[in-house]
Amino acid sequence: MKTKRKIEIAVISDVHLGTYGCHAKHLLTYLNSISPKKLILNGDIIDIWQFKKRYFPKSHLQVIKKIMDMAADGVEVIYITGNHDEMLRKFSDMTIGNISIVDKIIIDIDDKKAWFFHGDVFDVSIQNAKWLAKLGGYGYDILILCNRVVNWGLEHMGKERYSLSKKIKNSVKSAIKYIGDFENVVSNLAIENGYDYVVCGHIHQPKMMTVETKRGQTTYLNSGDWIENFTALEYQFKRWKIYNYNNDKLRAFYADEDIKDMEISDLIAAITVVKKKKKKKSKSL
C-alpha cells in the first residue's frame, strides 16, 4: 500500500453529490491519497437543490462514508454551508464528534488569519431571484450530463476530454465579468478586515492570487470544483497550493477495499451508525 500524503489542511468545495455532473470516484480517489489534519468542506458538497431519490449512486454514498471515516480516525472535518446545501444552515454551529457545521469560519494558520466561506452571499442572483438560480442550475446539470456522454466517446477514441460548459463560460463576457467582480469584492473585503487569506468556492474557478490595494494585501484562494476542474486546495509547509487531479500522475489510490464491494443498503447503514470516536485533542495550527 502506498503512503498517503500528509498535509495540514485540505479544502474541497462544489462536489454536488446527487447530480449527474459529480465525479465522485475522482474525489474518492483523492481523499484516499491524503492524510490531512483538517478537512474543510467549503459548500455545495451535497446538492440538496437538485436532489432526486432516483439518482444517488453508490460512489456518492462512498464519498460520504469516506468523510465520516476520516472524522472517526481523528481528522477535524469542518462543513461550511453553501447555497445548494443551504438547508444545513439550520444546523449551523453544531458539532458532532470531529464534524462541525458552520456558515463561515476564521482560522489562525501559522500566525496568519484565514477567512473561509462558500461565497454565495455575494451572489445577487441567488439572494434576489432564487428560482432563477435554480433554473440555471438545472440547465447546467443537463449540459454537464451531455458533456459526460461526449467525453465518454472521446475517451474511447483515445482523445482528450472536452469541457463544453467551461468553454461556454470562458467565452461569455458577462460570465468573465462576474468571476472578476466576485474575486475583487471578496479580496477587498478581506483586506479591509485584515485577513491574510480568503478561501472560497461557489464559482467553480480554481485560483490562487495575491491582491494588493492601498489598504493592504491578501491571498485569494478558490478550491474550484469536482464537476469540471477536479481541484482542491492544500496547505502544508506554510504555503498553499492548488491540487489538480488531472495533473496527478501518482493517483494510484482507489476506493477503500472494505467499501468497494459494499451494497448500497450496507453503505447507508454504515453511514447512519454513529461510530465511537477515539478521544483525541485537536492541535491548533
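Buried means under 20% relative accessible area. Glu183, at 6% relative accessibility, therefore counts as buried. The model shown in these views is predicted.

**View 1. Glu183 and Lys207 form a salt bridge.** The closest N and O atoms of the two residues are 3.1 Å apart. Glu183 lies in helix α6 (residues 173-192) and Lys207 in strand β9, so the pair ties together parts that are 24 residues apart in sequence. Glu183 is buried, whereas Lys207 is partly exposed, with a relative accessible area of 30%.

**View 2. Five strands make up an open sheet that includes β9.** The order is β6-β7-β8-β10-β9, and the pairing is mixed. β6 (104-109) and β9 (207-213) are at the edges; each has a single partner strand, so one side of each has no neighbour in the sheet. From one strand to the next, the twist averages 20°. Seven bridges pair β9 with strand β10 (residues 216-222) in the antiparallel sense. Met209 has Tyr220, in β10, as its bridge partner.

**View 3. Seven strands make up an open sheet with mixed pairing.** The strands follow the order β4-β5-β3-β2-β1-β11-β12. β4 (94-96) and β12 (239-244) are the edge strands, each pairing on one side only. Neighbouring strands of this sheet are turned by 25° against each other on average, direction ignored. β4 runs antiparallel to strand β5 (residues 99-102), and three bridges join them. Thr95 has Ser100, in β5, as its bridge partner.

**View 4. Helices α1 and α2 lie across strands of the seven-stranded sheet.** Helix α1 (residues 24-33) lies across β1 (5-12), β2 (34-42), β11 (231-236) and β12. Its direction is at about 145° to β1. Helix α2 (residues 58-72) lies across β2, β3 (76-80) and β5, and runs at about 120° to β2.

View 5. Side chains of opposite charge can pair when their charged atoms come close. In the pair Arg5 and Glu234, the closest N and O atoms are 2.7 Å apart. Arg5 is partly exposed, at 28% relative accessible area, while Glu234 is buried, at 2% relative accessibility. Together with Lys241, Arg5 and Glu234 are linked in a network of salt bridges. Lys37 and Glu8 also meet through their side chains in a salt bridge, at 3.5 Å from N to O. Lys37 is partly exposed, with a relative accessible area of 47%.

Conventions: Residues are numbered from 1 along each chain as its sequence is written. This is a predicted model: local features need pLDDT of at least 70, side-chain atom pairs count only at pLDDT 80 or more; totals for chains, interfaces and linings use all residues. Side-chain values use heavy atoms; hydrogens and water are left out. Two strands pair if DSSP finds at least two bridges between them. Helices (H or I, at least four residues) and strands (E, at least two) are DSSP runs, numbered from the N terminus. Axes are lines fitted to C-alpha atoms, for helices over the stretch in contact, and angles run from 0 to 180 degrees between N-to-C directions. Contact means heavy atoms within 4.5 Å. A salt bridge is a side-chain nitrogen of Lys or Arg within 4 Å of a carboxyl oxygen of Asp or Glu. Buried means under 20% relative accessible area, exposed over 50%, partly exposed in between (1.4 Å probe, protein chains only).
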